[in-house]
Amino acid sequence: MIENLPYIVSQLVQPFNLILMIVGTAIGIIFGAIPGLSGTLAVMLFMPLTYSMNAGTAVIFLIALWIGGCSGAFIGSVLLGIPGSASAVSTCWDGYPMSKQGKSGKALAIGMVASFTGTFFSAIIAALLSETIADIAFLMGPWEYFALCFVAITMVLAISKGNMFKGLVSACIGLLFASVGFSPIDAEPRFVFDNMYLMSGLGMTVVLIGVFSVSSIVASYGKGFGALPVVDNKSVRGLGITFGEIKEQLVNIIRSFLIGLGIGFLPGMGSGLSNLVAYSSAKNASKDPDSFGKGNPGGIWAPEVANNASIGGAMIPMAALGIPGDSTTALLIGALTIHGLEMGPMVFKNSGHIVYLMFGTVAVVACVVLVMQVLGMRLFPQILKVPYHYMYPALLIISMVSAYVDAGSLYKCGMMLVFAVVGIFMAYGGIPTAPLILAFILGPTLESNMLKAFQYTGTAATFFTRPISCVMMVIGIGCVFSPIIRTVLGKMKAGKQ
Amino acid sequence: MNIKRDQLTGALLVVIGIVVFVMTSQMNVPFSMAYPGPKALPMIAAFGFVVCGAGIFVEGMKKQEAEKPFMTKEGWIRMALAMAVLAVYVFVSSLIGYLITTPFAAYALTTMFAKGSKSTLKGRIIYSVLLSVIIYVIYIYVFGLSLPSGSLF
């Protein structure tokens, strides 16, 4: 690990990389802050820009977008009462009441320091643990890898809103999209219709930008944007937190950090869940639980430390196993593959310097975010006041350009519009999108490991006879049926009462 | 009879599942329990479409409460118009390239999206041109990537 330090420093101090880091962080914060956009979307839209970069520069830019997006999500929650993304849902519950009491500055300061704490320390833990976990991963065969991919997809189903069928069908759409092109192992063409653009598969950028970005913007336009939010500018001043207050929250911070790190580590889970769990834990452990929801600072510390700690947690399975901890790490895995970096245990042997650059960048960007947020606090209300009629056309044009750059062909831009229609259909049917991302990106890994497993043993029983694989499969199946299990358990509990 | 959104979604998913199943079955590769081969993944997807589609359909039938409409009729028209502008943008870009087409597309979208809010014609024109040029400079000169040049030039 230490031997990579000179490389990490040499990359991080390059002027071009530094500029990209600052620009990426600023874009990430803006995307994170504005409700409806997110750091994931920023990574999706700007990923094609990295195609001309070397791997190190690409990593720095993408990580800056991601961390900026995660850290900026609390701004909308505090100032508008509308979360910038799912990772900051519970931050609204106490952040917005604090704003209404004229304590926006303090609420924002807590968000900034909490985000920094979660991101910085989780990156250090990820750097320390990942290689050890990668060494253990060498003992895993295709059965375990298949089971891990299966768990990653199904865990998202377990937490997706709406009913079980909708979550599951979203994953099936992802698997179907992943099937297009030549199959792994057998190299058999599937759903290509003799079209050369389909031979190499659908392309991550085209599918994801179509389904998530274009469809949501067009649907928002259809539904009507509504009036611009009203933000109280006057109370956004001064940091107003002391070391004494931080000390007071120390137990809450440590507990939330561990929750975030643990949930982030679980395949498929991420900040969307960790902030909720940390918030309820903080409330349950508090001596004054009734003050939660009315502007208790603990209600900002908990979700913000947890959702940012999930970053480091999610990076561990991403780097060590090649299995994403959440949707954004799934995207990053895809983006890094384009730069010749196949995540998984071998990455430490082949490109260890890049992996450690990734961890180092997260820690440095956490500091950059903190400085930018402290210095730019007065600008937060302005970010939230960007008129929709200027912001959304820009995003649509960038979406088109990204799809073109990804494939070098306008045909793929046309395909992206088709996927936008798919996205609108999913929104119409209330079908969640997170399982689609994971299933689409993990589909090829899932399939190739499944086929390899069958080639070795010729039976599906082996998935259940190898201990780790069996445990994972049981968890995965449990996740698929978790809504039914929850309903049955709920009825049994109600019956007892 | 008032068809619910879930019923329509479920029915469509079942139809897609059947189509995928038929197309996968027509692939000329063996499929066995010892080695499922390239048919396995699309078969799993097709099975999921049919089962989940049926499930969503049935749950939609069970719903008693009145459904909030997804979008108004005007909303659907606005959405279709936006998609049409994007489709025309892609097509015209293939003929005359990015640099000429984008300011017009950006202006059209900005004007459509600005309906009902404060914005001036001059502001929208300046914004559309600036946006197109900034994106062009970043992609071409900063990152060395290419943008559509058009087949007519």
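How many helices and strands are there in chain A? I counted 23 helices and 2 strands in chain A, taking helices (H or I, at least four residues) and strands (E, at least two) as DSSP runs numbered from the N terminus.

I noted that this is a predicted model, in which local features need pLDDT of at least 70 and side-chain atom pairs count only at pLDDT 80 or more, while totals for chains, interfaces and linings use all residues. Residues are numbered from 1 along each chain as its sequence is written, and chains are lettered from A and ligands numbered from 1 in the order in which they are written.

Next I looked up the overall form of chain A. The C-alpha trace of chain A spans about 65 × 60 × 55 Å along its principal axes.

I then turned to a helix pair. The axes of α4 (residues 55-80) and α14 (residues 298-321) of chain A come within 10 Å and cross at roughly 170°, the axes being lines fitted to C-alpha atoms over the stretch in contact, with angles from 0 to 180 degrees between N-to-C directions. α4(A) and α14(A) are therefore roughly antiparallel (over 145 degrees). I67(A), C70(A), S71(A) and F74(A) in α4(A) meet E304(A), N307(A), N308(A) and I311(A) in α14(A), contact meaning C-beta atoms, placed from the backbone, within 7 Å.

Last, I found chain B divided into domain 1 (5-62) and domain 2 (73-142), with bounds from an automatic or database domain assignment, and their C-alpha centres 39 Å apart.

Key:
Parallel < 35°, antiparallel > 145°, perpendicular 65-115°, else oblique. Contact = placed C-beta atoms within 7 Å.
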